[in-house]
Amino acid sequence: MTQRRPLIAANWKMNGSCELVQGMSAALSQITTTNEILICPPVIFLSSFPKSDAYQLGAQNVSNELQGAFTGEISADMLRDAGARYVIVGHSERRALYGDNDAMVLAKALRAVAANLTPIICFGETLAERQQEKTFEVIAQHLDAVYAAHPELLATSVIAYEPIWAIGTGETATPEQAQAVHEFIRQHVMKFNVVAAQQIRIIYGGSVNAENCTALFAKPDIDGALVGGASLKTAEFSAICLTAQD
Ligand code: PEP
């Protein structure tokens, strides 16, 4: 059986403060776990985090361009220089609010990899799509848009399954619902590269908290979590990081 190191990633979104940076870094430095811990704060805080072996840093978005006249954008190289090792790409809020379509998501993921960042590529269905039993169809389309075009990304990215109806709503997919989609994703990407499909980490996001994470992490294809709201609470996020033992 393939060993995949669990990844517990915090997406602070447009939240956080210098106090939270200090509190979170102090709390995570006390933790002993074999899991990989990642904090994706607003980029302005990247350089405020003390260097530590306890956690990695990431960004929540990256420009699809290399450099130049793109006001307000931040390049992958800049993120890397600022200490990021990962970047979230294609979060549903970016797709819904800022027009990040599949082509843009792919372009951003490629920029990330070229700068030696690991993209965490997010996929998920809406509530209407789930109710119409289109979940697998929708996920397959989004996966193909990235991995059929660039199967080499399977070896250099992380997949986040984030059902849109579960993000920030308090409503989590049941462990069985999440496992079914994670298993589908792994099977689906096997057509591009069997070995990489077994090795890629597929993490779950959608109202993960210290109470529901144990059952989620017990599922064989759930390799960690992308945590929004609960990642803003030092004690709760620390507890999630400790729960996700492999
Ligand atoms: C997210 O935004 O990636 C997320 C999973 O948020 P929450 O945990 O708050 O649902």
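Tyr147 counts as buried, at 0% relative accessibility. Here buried means under 20% relative accessible area, exposed over 50% and partly exposed in between, with a 1.4 Å probe and protein chains only. This is a predicted model: local features need pLDDT of at least 70, side-chain atom pairs count only at pLDDT 80 or more, and totals for chains, interfaces and linings use all residues. Residues are numbered from 1 along each chain as its sequence is written, and side-chain values use heavy atoms, with hydrogens and water left out.

**Aromatic pairs**

A pair of aromatic rings is described by the distance of the centres and the angle of the planes. Rings of Phe, Tyr and Trp (its six-membered ring) pair if their centres lie within 6.5 Å; planes under 30 degrees apart count as stacked, over 60 as edge-to-face and the rest as tilted. By this rule there are five aromatic pairs. The rings of Phe123 and Tyr147 are tilted, because their planes stand at 45 degrees, with the centres 6.4 Å apart. This pair links distant parts of the chain: Phe123 sits in strand E5 and Tyr147 in helix H6 (residues 135-148), 24 residues apart. Helices (H or I, at least four residues) and strands (E, at least two) are DSSP runs, numbered from the N terminus. Phe123 is buried.

Phe136 and Phe184 make a stacked pair, 4.5 Å centre to centre with 15 degrees between the planes. They too link distant parts of the chain, Phe136 in helix H6 and Phe184 in helix H7 (residues 175-189), 48 residues apart. Trp12, Phe49 and Tyr55 form one aromatic cluster.

Accessibility of the residues in the two pairs described:

| Residue | Relative accessible area | Class |
|---|---|---|
| Phe123 | 2% | buried |
| Tyr147 | 0% | buried |
| Phe136 | 39% | partly exposed |
| Phe184 | 21% | partly exposed |

**Nonpolar cores**

A nonpolar core is a set of buried Ala, Val, Leu, Ile, Met, Phe, Trp, Tyr and Cys residues joined through side-chain atoms within 4.5 Å. The largest has 61 residues. Leu28, Ile39, Tyr147, Tyr204 and Phe237 have the most contacts inside it. A second, separate core has twelve residues, including Ala9, Leu38, Cys122 and Ile203.

Contact means heavy atoms within 4.5 Å. Leaving aside residues up to four places away in sequence, Phe237 touches Ile8, Ala9, Ala10, Met24, Leu28, Ile37, Leu38, Ile39, Val227, Ala230 and Ser231.

**Helices H1 and H10**

Helix H1 (residues 18-29) packs on helix H10 (residues 234-243) at an angle of about 35 degrees, with the axes 10 Å apart. Axes are lines fitted to C-alpha atoms, for helices over the stretch in contact, and angles run from 0 to 180 degrees between N-to-C directions. H1 contributes Leu20, Gly23, Met24, Ala27 and Leu28 to the contact, and H10 contributes Thr234, Phe237, Ser238 and Cys241.

**Arg186**

Arg186 lies in helix H7. Its relative accessible area is 5%, so it is buried. Not counting residues up to four places away in sequence, Arg186 touches Arg4, Ala197, Gln198, Ile200, Ile202, Asp221 and Asp223.

**Positive phi**

Lys13 is not a glycine, yet has a positive phi of about 55 degrees. Lys13 is in the loop between strand E1 (7-11) and H1. Asn116, also a residue other than glycine, has a positive phi near 70 degrees. Asn116 lies in the loop between helix H4 (102-114) and strand E5 (118-123). Asn116 is exposed, with a relative accessible area of 53%.
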